[in-house]
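Subject: Structure handover and notes on its charged and nonpolar side chains

Dear colleague,

Please find below the structure I promised to pass on to you. My notes on it come after the coordinates, and I would be glad if you read them alongside the model.

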Amino acid sequence: MYNYPMYFARPVKANKKIGYILDFKKGDVNGDKIVDYVYLIGDKPYGDESPIRSNIRLRVIDGKTHKETIIRLKQNTGYNPTLFLGDFTGDKTDDILISMDSGGSGGYAYYYIYSFKDDQPNKIFDFEAFDEEYNYEVNYLDGYKVEVVAEEPGTRYILDITYKGEEYLSEIYDDECMLKEPISGWVNPLGGLYPIDFQRDGTYELYAEQRIAGRYNADGLGYVQTSLKWDGERFVPFYQTVGIYGEE
C-alpha cells in the first residue's frame with residue numbers, strides 16, 4: 001500500500017519556474033497494480049487573467065519507486081488541458097488521454113493518448129496523424145443536396161440541406177434547384193475525441209467528431225462521427241455516421 005507522495009507534488013504547485021499543476025489523476029498506468037500519479041503541468045504566460053496555457057508537459061510518478069518521468073508534447077499550447085485515465089488497449093492497465101482546445105473559431109482540439117506499460121511511454125494516438133489519415137471531399141449537388149465522401153473507411157453520404165431555408169438556397173441554386181456554379185466544402189480537423197466503453201467490458205473505444213463546413217467555416221452542415229477501437233497496433237474505425245443539423 002503506497003500513500004500519495006505529497007513531497008513530490010510540492011515542487012510543482014504554483015511554482016513558475018517548474019510549472020503549474022493544470023490537471024491531476026491517479027491510477028495504475030504501468031501495470032504493476034500500484035497506483036501511479038499523473039499530472040499535466042504547464043505555464044500561465046499571461047497569468048490567471050487568461051485561460052491559455054503553454055509549455056504543457058505530462059508528468060508521471062511511479063507509485064512504487066517514486067521515479068519521475070516528464071514527457072514533452074509536440075503541441076504544448078492550448079486551452080482547458082485535461083487528463084483522462086482508462087484502458088484503451090485491453091491490457092487491464094490505464095492509458096493516458098490528454099485533451100486541450102485550440103481556442104480558434106474552427107473548434108479544433110488537440111489529443112494525445114500515451115500507454116505507459118512497464119514505465120515505457122508510447123504514444124498510441126496523435127491528433128495530427130488522425131487528421132492526415134482521415135480525408136474527405138465535400139461537394140454541393142443539384143436538388144439541395146451535399147455529398148460527403150470519406151476516403152477512410154470508404155463511405156459516401158448525401159446530406160439534404162433543404163432545412164437551410166429559402167434565403168440560403170436561393171444564393172446557390174436557381175429556380176430549377178440546379179447549382180448556379182460548382183461549390184465545394186470541407187471537413188475540419190478533429191474537434192472532439194471522447195472515451196466511451198461501447199461494449200461495457202472495461203476497455204474504452206474512441207468517438208471522434210469532425211465538423212462539416214459548407215461555403216465558409218461558419219456555414220456548418222453537420223458532423224462526421226467516427227468510432228474507433230484498438231486492433232492491437234493502432235486505432236481503426238468500426239463505425240462511422242454523419243449527423244446533420246435540424247430545422248428550427
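Predicted model: local features only at pLDDT ≥ 70, side-chain atom pairs only at ≥ 80, totals over all residues.

Residues are numbered from 1 along each chain as its sequence is written, and side-chain values use heavy atoms, with hydrogens and water left out.

Salt bridges

The structure holds twelve salt bridges, a salt bridge being a side-chain nitrogen of Lys or Arg within 4 Å of a carboxyl oxygen of Asp or Glu. One of the twelve pairs Lys164 with Asp219, with the closest N and O atoms 2.8 Å apart. This pair links distant parts of the chain, since Lys164 sits in the loop between β11 (155-160) and α3 while Asp219 sits in the loop between β14 (205-213) and β15, 55 residues apart; helices (H or I, at least four residues) and strands (E, at least two) are DSSP runs, numbered from the N terminus. Asp219 counts as buried at 2% relative accessibility, whereas Lys164, at 22%, counts as partly exposed; here buried means under 20% relative accessible area, exposed over 50%, and partly exposed in between (1.4 Å probe, protein chains only).

Asp219 also meets Arg215 in a salt bridge, at 3.9 Å from N to O, and Arg215 is partly exposed at 27% relative accessibility. Together with Glu171, the residues Lys164, Arg215 and Asp219 are linked in a network of salt bridges. Elsewhere in my notes there is the salt bridge of Asp126 with Lys123, whose closest N and O atoms are 3.0 Å apart; Asp126 counts as buried at 15% relative accessibility, while Lys123 is partly exposed at 38%.

Surface patches

Patches are made of residues with over 30% relative accessible area and no salt bridge, like charges being joined within 9 Å and nonpolar side chains (Val, Leu, Ile, Met, Phe, Trp, Tyr) within 5 Å. The accessible areas come from the Shrake-Rupley method with a 1.4 Å probe, and for residues only the protein chains shown count as cover.

A nonpolar patch of about 460 Å² is made by Tyr194, Ile196, Phe198, Phe238 and Tyr239, and β13 and β16 (235-244) each supply at least two of its residues. Tyr194 belongs to strand β13 (residues 192-196) and is partly exposed at 39% relative accessibility, whereas Phe198 is found in the loop between β13 and β14 and is partly exposed at 33%.

A negative patch is formed by Asp142, Asp174, Asp175 and Glu176; Lys and Arg count as positive and Asp and Glu as negative, His and the chain ends not being counted, and the place of a charge is taken as NZ of Lys, CZ of Arg, CG of Asp or CD of Glu.

A polar contact

Thr226, in strand β15 (residues 220-230), is buried, with a relative accessible area of 0%. Its side chain makes a polar contact of 2.9 Å with the side chain of Gln240, where a polar contact is a pair of N or O atoms within 3.5 Å; within protein, one must be able to donate a hydrogen and the other to accept it, and residues adjacent in sequence count only if both atoms are side-chain atoms.
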